[in-house]
Amino acid sequence: MVPTVIILQAGTAGLVIGALVLVVVLAALLSAIEIVNAYEKRALTVFGEYRKLLEPGINLVPPFVSKTYRFDMRTQTLDVPRQEAITRDNSPVTADAVVYIKVMDAKKAFLEVDDYKRAVSNLAQTTLRAVLGDMELDDTLNKRQEINAKIRRELDEPTDEWGIRVESVEVREVNPSKDVQQAMEQQTSAERKRRAMILEAQGERRSAVEKAEGDKQSQIIRAQGEKQSQILEAQGDSISTVLRARSAESMGERAVIDKGMETLSEIGQSESTTFVLPQELSSMVGRYGKHLTGSDVKEDGTELESLEFDEETRELIGLDDIAEIIGEIDQEAEMDLEEMEQQAQAIKEGKDPANISDPDEVIEEMDQEFQSDGGESN
């Protein structure tokens, strides 16, 4: 029985040892195989000594004595916690930011710095406070791009030594204290009220100027119209006076002719055969024979052309002058609307209006013309 027991115990021990060996082999295989993702690299150490960087894919490493450290090679986002700072003009502000970084050299990130993410975040916090402290309050609120650029320049040099590249820095919010915010709101409100009052005053002033300018232009146009009306009225009165004078002169000649005809009738009834007629009477009788007798007089078969006024008669009674004067009246009476609009536009633009003659001067010139015409006729 004893040998049998010994054999059984030896077989059990062999199984246990075989199982242990199998487990060790499997563990060694698993420890020797390192699978690296496509977006990362891993630093390999053997017995604590840095050996190399493992590239993406399947990598064999010494089992049980190796250790790897993972580095994500993609762009990573770091939130910079809200920081409090005092600006150059002693105004408290709070700000937070976002930093975008990328691991460019995994070996440096492994050997040169402990926990590069935490290191970059802490450096960004101190840099943000320093940049805000060197600026005025208004600059911190308005010059956001300048703050981002300054923080990035301050982070570039130390992070390059760690194998990290700062791709971008974005300050999300810069908030002054509540007291400062209230003061700024009051200032903004006062500024808006001031601008509103200025705009309202400017509008009222502009309206008053436009109204005064409109009244001025209206008065100018109305004065020009009244002046033109007075000129036309004066010209009409002058022409009417001339026509009445011409009519009186014509009627005087007609009375002389009628009286002369009566005298001729009386002479014809006398026994004398010799008559003496004034030259003026014979001339007028010859000119007005047709109109006095109603028939043409013929001598030696030749018709006397008395149906139309001759030039001397037309000049005597002033027919041509009357037609010309009436034409001038019609011409002056016609109001050119387009010319009036042009004059109004010129007055509106501040240009000199068209020169309009003074009524007294126009009447004096017409009297001189009529006197000269009368002198030539006499």
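**Note on the aromatic rings**

1. Phe110 counts as partly exposed, at 21% relative accessibility. The scale runs from buried (under 20% relative accessible area) through partly exposed to exposed (over 50%), with a 1.4 Å probe and protein chains only.

2. This is a predicted model: local features need pLDDT of at least 70, side-chain atom pairs count only at pLDDT 80 or more, and totals for chains, interfaces and linings use all residues. Residues are numbered from 1 along each chain as its sequence is written, and side-chain values use heavy atoms, with hydrogens and water left out.

3. The structure holds four aromatic pairs. Rings of Phe, Tyr and Trp (its six-membered ring) pair if their centres lie within 6.5 Å; planes under 30 degrees apart count as stacked, over 60 as edge-to-face and the rest as tilted. Tyr50 and Phe110 make a tilted pair, 6.0 Å centre to centre with 35° between the planes. Tyr50 is in strand β3 (residues 49-54) and Phe110 in helix α2 (residues 106-111), so this pair ties together parts 60 residues apart in sequence. Helices (H or I, at least four residues) and strands (E, at least two) are DSSP runs, numbered from the N terminus.

4. Phe71 and Tyr116 are stacked, because their planes stand at 25°, with ring centres 6.1 Å apart. Phe71 belongs to strand β5 (residues 66-72) and Tyr116 to helix α3 (residues 116-133), so the pair ties together parts 45 residues apart in sequence. Phe71 is buried at 6%. Tyr116 is buried too, at 8%.

5. Ring pairs join Tyr50, Tyr69, Phe71, Phe110 and Tyr116 into a cluster.
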